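This report goes through one protein model, part by part. Please look at the sequence and the structure below before reading on.

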Amino acid sequence: NPPVKLPGPILTSEKPWEAFSIGWSCVIDDDGLYKLWYSASDHDQWAGGRWHLCYATSEDGRHWEKPELGLVEYDGSKRNNIVLPACKLAYIFIDPNGGEAERYKMVEQVRGSGIRVGSSPDGLVWNLPDELVCTLKPDTPKQVYWDERIGRYVAWLKLMVTDDGKPMFP
């Protein structure tokens, strides 16, 4: 479909946990329901702000609902749409090989360490092991999918490199 410019943003900062910024996001069309995971921050990260991975749904891709999930406490309440605290750069996809318990996969950058992969049956409650699958530190969210043609998972990473081509943050 050709892109259409809409008047104004389709998702706005309405809650305290997303008051400073709504950042990186990932959208999945899951059997006709659009599911959105997005990074949100309550304050400037350099002034003590906290990042969270939040969740919203839409039937048309324009009007989004932010359900109260009851999963993560924020300032004394679980009445929010936060999926994970302290999560800034995550990419989520439906894994055709995952089975029901691991239908959703998340590739997350662990601050200062590398990349880990988690799984979830519903995209909301996650099993996130401490083990890293990669020690590179990309500077943006990742793109990951199962490539049926080659029978492997494929990841697209963007790294900052020095003039001699070495990773800036090895």
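## Ile 92 and the largest nonpolar core

In this predicted model, Ile 92 touches Cys 26, Ile 28, Trp 37, Leu 53, Tyr 104, Lys 105, Met 106 and Trp 126, leaving out residues up to four places away in sequence. The largest nonpolar core has 21 residues, and Ile 92 is among those that touch the most other members, along with Trp 37, Leu 53, Val 83, Leu 84, Met 106 and Trp 126. Two or more residues of this core come from each of S1, S3, S4, strand S5 (90-94) and strand S6 (104-110). S5 makes the largest contribution, with four residues.

Another core lies apart from this one and has eleven residues, including Cys 54, Ala 56, Val 72 and Ile 82. As a general point, nonpolar side chains in soluble globular proteins tend to be buried together.

## The four-stranded sheet

An open sheet is formed by four strands in the order S1-S2-S3-S4, with antiparallel pairing. Strand S1 (21-30) and strand S4 (82-85) are at the edges and have a single partner strand each, so one side of each has no neighbour in the sheet. From one strand to the next, the twist averages 20°.

Within this sheet, strand S2 (residues 33-41) and strand S3 (residues 51-58) are joined by eight bridges in the antiparallel sense. One of the residues paired here is Ser 39, whose bridge partner in S3 is Leu 53. Leu 53 is also listed above among the core residues that touch the most other members. In general, the strands of a sheet pair through backbone hydrogen bonds, in either a parallel or an antiparallel way.

## The second largest pocket

The volume of the second largest pocket is about 240 Å³. Its lining consists of 13 residues, of which Val 107, Val 117, Val 133, Val 144 and Ala 155 are the closest to the centre.

At least two lining residues come from each of S6, strand S7 (114-120) and strand S9 (152-156). S9 gives the most to this lining, with three residues.

## Gly 98 in the loop between S5 and S6

Where is Gly 98 found? This residue sits in the loop between S5 and S6. Is Gly 98 buried or exposed? Its relative accessibility is 12%, and buried means under 20%, so Gly 98 counts as buried.

Apart from neighbours within four places in sequence, Gly 98 is in contact with Arg 103 and Lys 105. Lys 105 is also one of the residues that Ile 92 touches. Between Gly 98 and Ser 119, the C-alpha to C-alpha distance is 8.3 Å, while the two are 21 residues apart in sequence.

Definitions and conventions
Residues numbered from 1 in each chain as written. Predicted model: local features only at pLDDT ≥ 70, side-chain atom pairs only at ≥ 80, totals over all residues. Heavy atoms only, no water. Pairing = 2+ DSSP bridges. Axes fitted to C-alpha atoms, helices over the stretch in contact; angles between N-to-C directions. Core = buried A, V, L, I, M, F, W, Y, C linked by side-chain atoms within 4.5 Å. Buried < 20%, exposed > 50% of the residue type's maximum accessible area, 1.4 Å probe, protein only. Contact = heavy atoms within 4.5 Å. 1 Å grid on protein atoms, 1.4 Å probe; cavity = no way out; pocket = protein on both sides within 12 Å on 5 of 7 lines; lining within 4 Å. Points joined across faces, edges and corners; volume = space filled by probe spheres on them.
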